[in-house]
Amino acid sequence: MTAATLTVPTGRTHVGLARLYRAELRWIFRRPRTLVVLGLLALVPAVIGIGLAVAGDSGFGPGNTNAGDGGGGLLTSAAGNALVLPIAALAVTLNLLLPLTTAMSAADALAGEAAHGTLRGWLLAPVSRGRLLLVKALGVATFTLVAAVLMAVVGVITGLVINGTGSLFTLTGTTLSFGEALGKIAVAAAWVTLQLWAIGAVALAISASTEHPMLVVVSVLAGTIVSAVLLLLSAVDWLHPFLLPQSWDSITDILRDPMPTDGLAQGAVRAACYIVIGLSLAYARIATKDG
């Protein structure tokens, strides 16, 4: 028997990351549930703008600097202000609706596939566990980016249709050009997306540890609500810097001129820490998951 007859191919076929990523995106954006969720999110700024217009609320104009910092204050300021409307919609939905949709996406990414038995195919395929997690994380990140950008775009269009281009002014009364207003809205969308990526990383860590997608959704929602409640309690103020929603009200700073950056920067750093910790825990779990 020759050495040639003993040769057995042992190499694993390499699957490119780009190919896996495209396949993941097709799987995500072809699901009717994903399209329905994106459609509902797109309706939020439109409904807010139309509701404010129908209600006949007075517009927020230059010289009025008494707008509240919370989502409710932003909604009041959004009447008659095409700049505030998209950012107000993002701020309001960041408190619950956007974390919910992010948790749903992360739950489907791992726990959902595990429940349907399709994750086993990934684990047995010639794809490393790290590459698998990266593809899933990129899929969740892309979904959240699309959701935030879609809401911002619809908010801009709704605000311009209702209020016109002459209604682009900040909370400090400065009138902005259309390009400057778009820049601020882009910053808001990017910052909200980063917060959603942090939520998605935590949700992926939970999703990698269970085969029940609803458990992921409930856990993320419970964490968001409990964090919001803890932020109201001065007795646990030592815990506040570690809670992700601590800086969410800082999105209002984007609407000021000049724009304060301390709160936004702290929120970005906190979100980055959550991303690193969440993905590390997810990898530690998926690396030991049976094929």
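A: Let me begin with the classes used for linings: Ala, Val, Leu, Ile, Met, Phe, Trp, Tyr, Cys and Pro count as nonpolar, Asp, Glu, Lys and Arg as charged, and the others, Gly among them, as polar. Please also keep in mind that this is a predicted model.

Q: Which residues line the largest cavity?
A: Its lining is made up of Arg31, Arg33, Thr34, Val37, Thr101, Met104, Ser105, Asp108 and Phe143. The elements that give two or more residues to this lining are helix H2 (32–55) and helix H5 (97–116), and H5 gives the most, with four residues.

Q: And by class, what does the lining of the largest cavity have?
A: By class, there are three nonpolar, three polar and three charged residues in that lining.

Q: What about the second largest cavity, which residues line it?
A: The second largest cavity is lined by Ala82, Leu83, Val156, Leu160, Leu168, Phe178, Ala181, Leu182 and Ile185, and by class this lining has nine nonpolar, no polar and no charged residues. Helix H7 (129–163) and helix H8 (178–207) each supply at least two of the lining residues, with H8 giving the most, four residues.

Q: Changing topic, what does the secondary structure come to?
A: The chain comes to ten helices and zero strands. Of its 291 residues, 46% count as buried, and residues 24 or more positions apart account for 78% of the contacts with a separation of 6 or more.

Q: How many residues does the largest nonpolar core have, and which have the most contacts inside it?
A: The largest nonpolar core has 69 residues, and those with the most contacts inside it are Leu90, Val192, Leu204 and Ile251. At least two core residues each come from H2, helix H3 (71–78), H4, H5, H7, H8, helix H9 (213–230) and H10, while the largest share, 14 residues, comes from H8.

Q: Is H4 mostly covered or mostly open?
A: Helix H4 (residues 84–94) is mostly covered, as ten of its eleven residues are buried. Among the buried residues of H4 are Pro86, Leu90 and Thr93.

Q: And H10, why does its end-to-end distance agree with what a helix should span?
A: Helix H10 (residues 262–286) has 25 residues, and at 1.5 Å a residue it should span 36 Å; its end C-alpha atoms are 36 Å apart, so the two agree. The buried residues of H10 include Gly263, Gly267, Arg270, Ala271 and Ala282.

Q: Last one, where is Pro258 found, and is it buried or exposed?
A: Pro258 is found in the loop between H9 and H10. Its relative accessibility is 68%, and because exposed means over 50%, Pro258 counts as exposed. The C-alpha atoms of Pro258 and Thr170 are separated by 9.5 Å, although these residues are 88 residues apart along the chain.

Methods:
Residues are numbered from 1 along each chain as its sequence is written. This is a predicted model: local features need pLDDT of at least 70, side-chain atom pairs count only at pLDDT 80 or more; totals for chains, interfaces and linings use all residues. Side-chain values use heavy atoms; hydrogens and water are left out. The expected span of a helix is 1.5 Å times one less than its number of residues. Buried means under 20% relative accessible area, exposed over 50%, partly exposed in between (1.4 Å probe, protein chains only). On a 1 Å grid over the protein atoms alone, a cavity is a set of points where a 1.4 Å probe fits but cannot get out, and a pocket is an open set with protein on both sides within 12 Å along at least five of seven lines; lining residues have an atom within 4 Å of a point. A nonpolar core is a set of buried Ala, Val, Leu, Ile, Met, Phe, Trp, Tyr and Cys residues joined through side-chain atoms within 4.5 Å. Contact means heavy atoms within 4.5 Å.
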